[in-house]
Amino acid sequence: EAPAQPAPAAEPTKAEEQPRSWGMVAVGIFLGLLCMYIFLVGLQLLGDAFKCLGGRGAGSMFGTISNPIAGLMIGVLATVLVQSSSTSTSIVVGLVGADQIT
């Protein structure tokens, strides 16, 4: 005896679909921009905190490297330690802005 076939799912017709209102689209865009803003502010705060707590040490660590390959390895190690390339990039940009490294 063959197993019973499941009934095919009924696809919604055009009459059943309701378009999204402009208000919901605007709320979605606003929430997306708000999340991006919070993310960027968090990165800025992290970079500022890093500069306050250990900027001199990191600046001297990056500044004493003259070999480009060693500099690349230090950058990779820093990125692995903070587990975010965006964070390490924002920290390096903050250090350059504070004249810790050139």
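**View 1. The overall fold of the predicted model.** Helices are runs of at least four residues that DSSP assigns as H or I, and strands are runs of at least two residues assigned as E, with both numbered from the N terminus. In this predicted model, the order of such elements along the sequence follows the pattern α-α-α, and the protein accordingly contains 3 helices and 0 strands. Of the 102 residues in the protein, 12% are buried.

**View 2. Confidence across the helices.** The protein has a mean pLDDT of 74, with 60% of its residues reaching 70 or more. Among the elements of the protein, H1 has the highest mean pLDDT, at 79, whereas helix H3, which covers residues 85-97, has the lowest, at 72.

**View 3. A nonpolar patch on the surface.** Val27, Phe30, Leu31, Leu34, Tyr37, Ile38, Val41 and Leu45 form a nonpolar surface patch, and together these residues have about 780 Å² of accessible area. One of them, Val41, lies in helix H1, which spans residues 22-63. Val41 counts as partly exposed because its relative accessibility is 33%, a value that falls between the limits of 20% for buried and 50% for exposed.

**View 4. Helix H2 and its two ends.** Helix H2 comprises 15 residues, numbered 68-82, and the distance from its first C-alpha to its last is 21 Å, close to the 21 Å expected at 1.5 Å a residue. At the start of H2, a side-chain oxygen of Asn67 comes to within 3.1 Å of the backbone nitrogen of Ile69. At the other end, H2 is followed by Gln83, a residue with a positive phi, near 55°.

Terms used
Residues are numbered from 1 along each chain as its sequence is written. This is a predicted model: local features need pLDDT of at least 70, side-chain atom pairs count only at pLDDT 80 or more; totals for chains, interfaces and linings use all residues. Side-chain values use heavy atoms; hydrogens and water are left out. Patches are made of residues with over 30% relative accessible area and no salt bridge: like charges are joined within 9 Å, nonpolar side chains (Val, Leu, Ile, Met, Phe, Trp, Tyr) within 5 Å. Accessible areas come from the Shrake-Rupley method with a 1.4 Å probe; for residues, only the protein chains shown count as cover. A salt bridge is a side-chain nitrogen of Lys or Arg within 4 Å of a carboxyl oxygen of Asp or Glu. Buried means under 20% relative accessible area, exposed over 50%, partly exposed in between (1.4 Å probe, protein chains only). The expected span of a helix is 1.5 Å times one less than its number of residues. A polar contact is a pair of N or O atoms within 3.5 Å; within protein, one must be able to donate a hydrogen and the other to accept it, and residues adjacent in sequence count only if both atoms are side-chain atoms. pLDDT is the predictor's confidence in each residue, from 0 to 100.
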